[in-house]
Amino acid sequence: MSKTALLILSEGAEEMEAIISADVLRRAGVKVTIAGLHGADPIKCSRDVVIVPDASIQEASKQTYDAIILPGGLKGAENLSQSDIVKNILQSQEKSGRLIAAICAAPIALKSHSIGTGKQITSHPCKQADLSTGEYTYVEKRVVVDEHLITSRGPGTAFEFALAIVKYFFGKEKAASLINPMLVNAEIE
């Protein structure tokens with residue numbers, strides 16, 4: 001059975017986290033839709049890389065997905081944190097028990113929308129203080145999986161983050177099968 005993922009992209013997102021996540025998941029056979037938070041126009045990311053979304057968030061949110069993925073980048077994460085449509089998508093995803101994954105600064109959007117409270121999470125170290133205030137158990141690991149919530153630390157953990165999502169969907173063997181062809185130095189726990 002094929003899986004689907006919605007990756008929500010906003011101006012200021014960390015491009016490595018967005019592209020590596022989408023690429024690895026597509027290699028695993030996941031149908032990934034990259035949705036622009038403010039429409040389908042090209043989005044300038046944190047390091048001036050421009051990405052053209054597949055659809056606007058308004059268009060993409062008309063269906064459900066097996067995973068919702070939030071890339072980091074401070075400005076991008078702040079935009080996700082302030083969005084009512086992101087809040088509605090995340091709350092629906094959590095209520096249905098489907099996967100939510102956030103990397104780098106993006107876990108601040110989880111906090112602002114009250115998603116995953118009581119769970120173990122991680123983030124970029126610069127957001128640790130914001131996320132260690134009682135709603136979560138903060139863990140300093142590269143990737144943290146707690147039931148239907150996956151979080152990770154930053155651009156350098158993007159492959160591990162994406163592989164954790166693949167493992168969640170398809171198991172350890174499928175995730176491990178992607179490592180050698182990409183020449184990634186990673187291990188699947």
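These legends describe close-up views of one predicted protein model.

Local features are taken only where pLDDT is at least 70, and side-chain atom pairs count only at pLDDT 80 or more, while totals for chains, interfaces and linings use all residues. Residues are numbered from 1 along each chain as its sequence is written, and side-chain values use heavy atoms, with hydrogens and water left out.

**View 1. The whole chain.** The protein chain has nine helices and eleven strands. Both are DSSP runs numbered from the N terminus: helices are H or I with at least four residues, strands are E with at least two. The radius of gyration is 15 Å, close to the 16 Å of the globule rule for 189 residues, so the chain is as compact as a globular protein of that length. This radius is taken over C-alpha atoms, and the rule is 2.2 Å times the number of residues to the power 0.38. Along the principal axes, the C-alpha atoms fill a box of roughly 40 × 35 × 35 Å. Of the 189 residues, 54% count as buried. Buried means under 20% relative accessible area, exposed over 50%, and partly exposed in between (1.4 Å probe, protein chains only). Among contacts with a separation of 6 or more, 62% join residues 24 or more positions apart. A contact is a pair of heavy atoms within 4.5 Å.

**View 2. The largest pocket.** About 360 Å³ of space lies here. A pocket is an open set of points on a 1 Å grid over the protein atoms alone, where a 1.4 Å probe fits, with protein on both sides within 12 Å along at least five of seven lines; lining residues have an atom within 4 Å of a point. The volume is the space filled by probe spheres set on the points, which are joined across faces, edges and corners. Of the 15 lining residues, V143, V145, A164, K167 and E189 are the closest to the centre. Two elements give two or more residues to the lining: β10 (143–146) and α7 (158–170). Helix α7 supplies the largest share, five residues. The lining divides into eight nonpolar, one polar and six charged residues. Here Ala, Val, Leu, Ile, Met, Phe, Trp, Tyr, Cys and Pro count as nonpolar, Asp, Glu, Lys and Arg as charged, and the others, Gly among them, as polar.

**View 3. The loop between β10 and β11.** E147 sits in this loop. Its phi is near 55 degrees, a positive value in a residue other than glycine. Most residues other than glycine have a negative phi. E147 is exposed, at 54% relative accessible area. H148 is found in the loop between β10 and β11 (149–152). H148 is partly exposed, at 36%. Leaving aside neighbours within four places in sequence, H148 contacts G97, R98, L99, I100 and Y168.

View 4. S123 lies in the loop between β8 (120–121) and α6 (128–131). S123 is buried, with a relative accessible area of 0%. The C-alpha atoms of S123 and S152 are 5.5 Å apart, although 29 residues separate them along the chain. Beyond four places in sequence, the contacts of S123 include C104, P107, Y138 and S152. C104 is found in the loop between β7 (99–103) and α5. C104 is buried too, at 7%. Phi of C104 is near 70 degrees, again positive in a residue other than glycine.

**View 5. Helix α3.** In α3 (residues 74–81), G76, A77, N79, L80 and S81 are buried. The buried residues pack against β1 (4–9), β6 (67–70), α4 (84–95) and α5 (107–112).
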